[in-house]
Amino acid sequence: MGIWRFTCFSLLFGFFLSSFSEFTGGAELNVAVEEGTIIHINTGAGINTQCEVCISQVCQSSVILRNNTSLNFSCSQPEDVFIVQIITDIGELSVKMKSNIEPKEHHAFQKFNRTFTWNLKSPAMWTAYFKFSTGLRQIQPTDSCPDKHVYTITSKNVSVGSFCHNGAITGVEVNNVGKLSLEVSGGQPLDMKDIVVSLGFAIYCLAVFEVVLPEKSSIQDLFTPNTFPENTETIWRFTMPKVYYIDFHIISYTVPTCLQPERIPKMRYNRKNKKQLVKPLNVTQPLAETGDIMLLIKNCEISRSDPPSEDLMVHFQISSIKRKTGQCKRKLPENETLQIRVVKKDPKSPCVLKLDSDAMDTVTIASGDYYDIESFDCSKDELELTVNKIIECEEWRNCVSTPFNITFNYKEICIPVALKTMTWHLHGPQNSSVELQSPTGGLRYCLPEDKYNSILLLNVSHDNPAITVGQFCPKGTIEKIQICESKIAVTASVTSLNDQNLATELFLTYSFTEDISEHYIFTVAPKMDNPTVLATPAWPSGMKPSSNVSWIINMEPQLKSNLKFMNVSQPECIEVYTNIAVQTILPQTMVYSTKKDENINDVLVPESFYLNMTNCKSPTGNFRAMMEIRLQSNKNKLLGIILSIVGIMLMIITAVVIWIVLRKKKRNKAPPVSVYNPNAFLPGLHGIPKSQEEEDPHSYVYIDDTLVYSHLLDKEAENEQCKDESGPPLPDRPVSKGESLVTKGNALVYGELYGYTQGQSTTSGSPKSPIKTSEDEACETKLCEREESP
């Protein structure tokens, strides 16, 4: 019975003690403290409580444990009040020593917020180098980590940053006195990754961060030390994967007031095998960088102003991604006066444009420059390429009126973007004019108010000052543009970025000529199918004061034109008024001319004509005009042309018919032909005559002498009186066999013998004339005169 009573009493007393202990903080905690480690148990900042920690029935608000100790708390939930700090002194590192930091979990404090701290000291001229196996990610000091583990690294009592697990920072190097802290939230078991600490070479900065970017797209946030000391420097070393590009962006920053304004903090980038880049904090930082990079930020000497200036703080971001790249390395020819500009249209675009490894929104290169242009993730809509080319010809002997082509060899430039705009600056000799022609089918006006149906626009203007002549498109009725100016500019641009043929097409030919009488002359050949629109120079603006313009309108003869003035704006003139005149070319006849305050009417012009316009000297307002030409068939002129052609054809047909009839009649009326045989035997002239068998086939047995000598027989009466006075009679000779006489009278024989008939000789040599008396000459004279008379 006594034993039972004692047992019940013991159970009741134990239950009472247990309830009291829970009310006063629970069971007693046994804490093991390792050598070189001390444990601080303190109340959290800003907490006002009556809870205390008790050791050997001595209770106080904080304790320091250096040895194994048992303790308890005077409250039921001390983890909400107290913070546990476990501090380990690693001591001075040696050159050959590498220490693994392996914190030991104290299960007695697992419900408490606890901080593990390792104090390091390295010899002079050496540094403490922390190597993190899984890498760290930097955060703001006020941020937390998902796994409730936050690392803090301190150098010379200055926090250089706070970090979480799983990041790109693989190592941190601090000066000879360093400290590493790990904060673990209450209730979270310790999960510390391996950390190796060793000695590093001396540095002359606050800290050096080793950042190894992963081989995947990533974004890393980095911060300068929370309290950045004066005249100190922090360094980041970035190791890049080979196929990735890194961009730097400044998210936010504050700068102090420096004693020397020129020493205001800047971002300095050291790149392998490239020049150093120095960027102020308020400009675009390097983009699309490859290879290892070192970034340095140094604080200045701060002015002691009142109120105090802000501390230096820079929050910057790096991103590494794979990019689509385009690159062009070349030297722009020195013998061509070129200027090339590549413009990034949207500065906020992810597209990156670089010249010689420097990122910029506008790249400009000139003749003779060696350039290395790169583009990253740039579409054809994000970059614009413009080219300016100067073509000079200062002396006439080098630039006679021979046309030259306006072209540009785009392929030699190898810029990885589409050519948007090309401008040629044509500079001719002094007091010269410029002629422009299109070898691809003429030009036409492309007015700003019209919807362009052309992918190409040509803007023609004076080069200095920039006075617009007009805006034109290919394929039109303007055959030639003449400008009384030695320096003009022609700008070709595309209306759609889908077309990239601007550089491969032949736009215009140009030539320099002597001055022309008008400021502008346009030669136009309208077509029947479409109306032709004309506009004054600089449309929709007005013409220059005292300037004039002429259009030469060439038409086919069978056409006439209806000239319609669609939009005319007249200024107020003080002296000479504006003038609009229409005049035919051949003959030069005035068809239409305007007068002051006169309404302008449409004009029907029957043939090719001039259209002339002149602005007044000091206009108030703009003088401008837009016209339209529509061609019509000229029926009267066409009928005249048709009748003329028909008349000419009838004349030709009649002449051919008459020629055929006459030719036919001539063939049907062939007269008898007798042939004189020169082989006829005459005394003293020939040898033995031929026999009949040897007779010439072209000789006839009988010749009708009247057919050959009839004109002589008419003169027989006159010849009779000359017979007595003629030479001696020919001797009688019998006719040989087979021979016939060829003469009929003595006069004919006489003539044949002595060669007087028709003044010709029957011998091959010169005739031997007999001695003549005066009577003979008189008779002969009468005979000749009679022969010559019709």
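The chain, a predicted model, contains six helices and 48 strands, assigned as DSSP runs of at least four residues for helices (H or I) and at least two for strands (E), numbered from the N terminus. Residues are numbered from 1 along each chain as its sequence is written, and side-chain values use heavy atoms, with hydrogens and water left out. Local features require pLDDT of at least 70 and side-chain atom pairs pLDDT 80 or more, whereas totals for chains, interfaces and linings use all residues.

Of the 790 residues, 41% are buried, that is, under 20% relative accessible area with a 1.4 Å probe, protein chains only. Among contacts (heavy atoms within 4.5 Å) with a separation of 6 or more, 78% join residues 24 or more positions apart.

The largest nonpolar core comprises 73 residues; such a core is a set of buried Ala, Val, Leu, Ile, Met, Phe, Trp, Tyr and Cys residues joined through side-chain atoms within 4.5 Å. Leu426, Leu436, Phe522, Trp551, Leu611 and Met613 touch the most other members. Strand E48 (residues 624-633) gives the most to this core, with five residues. Beyond four places in sequence, the residues touched by Leu611 include Leu534, Val549, Trp551, Phe565, Ile580 and Met627. Another core, of 68 residues, lies apart from the largest one and includes Leu93, Leu190, Phe238 and Leu277.

His106 is located in the loop between strand E8 (99-101) and strand E9 (113-121). With a relative accessibility of 11%, His106 counts as buried. Leaving aside residues up to four places away in sequence, His106 touches Val31, Ala32, Ile39 and Ile86.

Technical notes:
Buried < 20%, exposed > 50% of the residue type's maximum accessible area, 1.4 Å probe, protein only.
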